[in-house]
Amino acid sequence: MTRAAPAHNTAQRNSKHHTYAVTVIVVPVTSTPPPRDHASIERTLPTRALRTGHRLTELGLGAAQFGNLFTETTDDESHRAVGAAVEEGIRYFDTAPHYGLGLSERRLGDALHAATRRGGVVISSKVGRLLVDSPDTAHRLDDDGFAVPATKRRVWDFSRDGILRSVEQSLARLGTDRLDIAYLHDPDDHWGPASSSGIAALAELRDQGVVGAIGAGMNQAAMPAEFVRRTDVDVVMVAGRFTLLDQSALDDLLPVAGARGVGVVAAAVYNSGLLSSAAVDGSATYDYGAAPRAVVERAARIAAVCDRHGVKLPAAAVQYPLRHPGVVSVVTGMRTQEHVRSNVARYRAAIPEALWEELHVTGLVPDPARASRFSRA
């Protein structure tokens, strides 16, 4: 494993950031194919291009669950999930230090080395929550949703030093010397430092070739739109704000991103659970809380339209964001190889245009393919 100190990496790239696109962590899409004793890297799902030239598969694997999100998983389960993803043609993988206090990054890095030796994949990770040793809390479990010992704690840090340290730590856990994409992670309450020292530090790493593309990943659409409008980002990840139930990203984020050539990755397309089953379960979560009755009823009406056209609701949830030309990938959480197979099947499901037309004309869900005014490169 090569561990690079970001401040000393001498790799260079064109300084005109606007000619580059979106992706952060390890091996670029143009990497040399792996040896034949590893899974074939040529058989991929369709891809969409970032302005940097990187290509993300239209379906990406979100690795939060590799960090024991809500419940424990194992190294073997994570390895099998990544192996299945590679077999199915997924080449974009997303993680973060926040997920399991670094466990997700370590598991993803180990699994990718075993499955592909990193050839041909795009990996993104995140900065802003710096992990520091915490011996005083090591005797208990993490209190932020991950079933891991609290041997470290998260410290919000968007300073230059904090960003450099965070990237260096991520590189070590992932076992690589370069990131394809680095996102500022949930800077909702930290606009000042994130949009100044934070984005400047990422741009510095981008200039050095340590990072391929930079951006922000959030659970809202308004602030990512401001990052696109006011900073030199290449890509943004928006979670839960471009789904069958919430299209707030259509109001401002997607138009301004399209105008500036910034890619958009759509995550949390099931809105944390309500759209993940063919039959709507009123007790399922919506944005990690209890689903309001009106939202449950709307989801049920959408599901009924899907049924009339022979389509399962989760398949429509996965494919809906991809109808917008500005969306470069949909990232869904996958813990096991069964989750991988299920999500790929949903992505590949045949959906008639008549379904999208009915959702649109009835006012249930606007069809972005009808409203988009720019085309994807």
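Entry 1: I began with the angle classes: under 35 degrees counts as roughly parallel, over 145 as roughly antiparallel, 65 to 115 as roughly perpendicular, and the rest as oblique. I noted that this is a predicted model, where local features need pLDDT of at least 70 and side-chain atom pairs count only at pLDDT 80 or more, while totals for chains, interfaces and linings use all residues. Residues are numbered from 1 along each chain as its sequence is written, and side-chain values use heavy atoms, with hydrogens and water left out.

I looked up helix α4 (residues 191-208) and helix α5 (residues 222-230), whose axes come within 12 Å and cross at roughly 30 degrees. The axes are lines fitted to C-alpha atoms over the stretch in contact, with angles from 0 to 180 degrees between N-to-C directions. So α4 and α5 are roughly parallel to each other.

Which residues meet? I found Trp 191, Ala 194 and Ser 195 in α4 against Met 223, Glu 226, Phe 227 and Arg 230 in α5 (contact means heavy atoms within 4.5 Å).

**Entry 2: the pocket.** A pocket is an open set of points on a 1 Å grid over the protein atoms alone, where a 1.4 Å probe fits, with protein on both sides within 12 Å along at least five of seven lines; lining residues have an atom within 4 Å of a point. I counted 37 lining residues for the largest pocket, and Ala 64, Leu 69, Ala 268, Tyr 288 and Gly 333 lie nearest its centre.

Which element gives the most to this lining? I found that α9 does, with four residues (helices are DSSP runs of H or I, at least four residues, and strands are runs of E, at least two, numbered from the N terminus).
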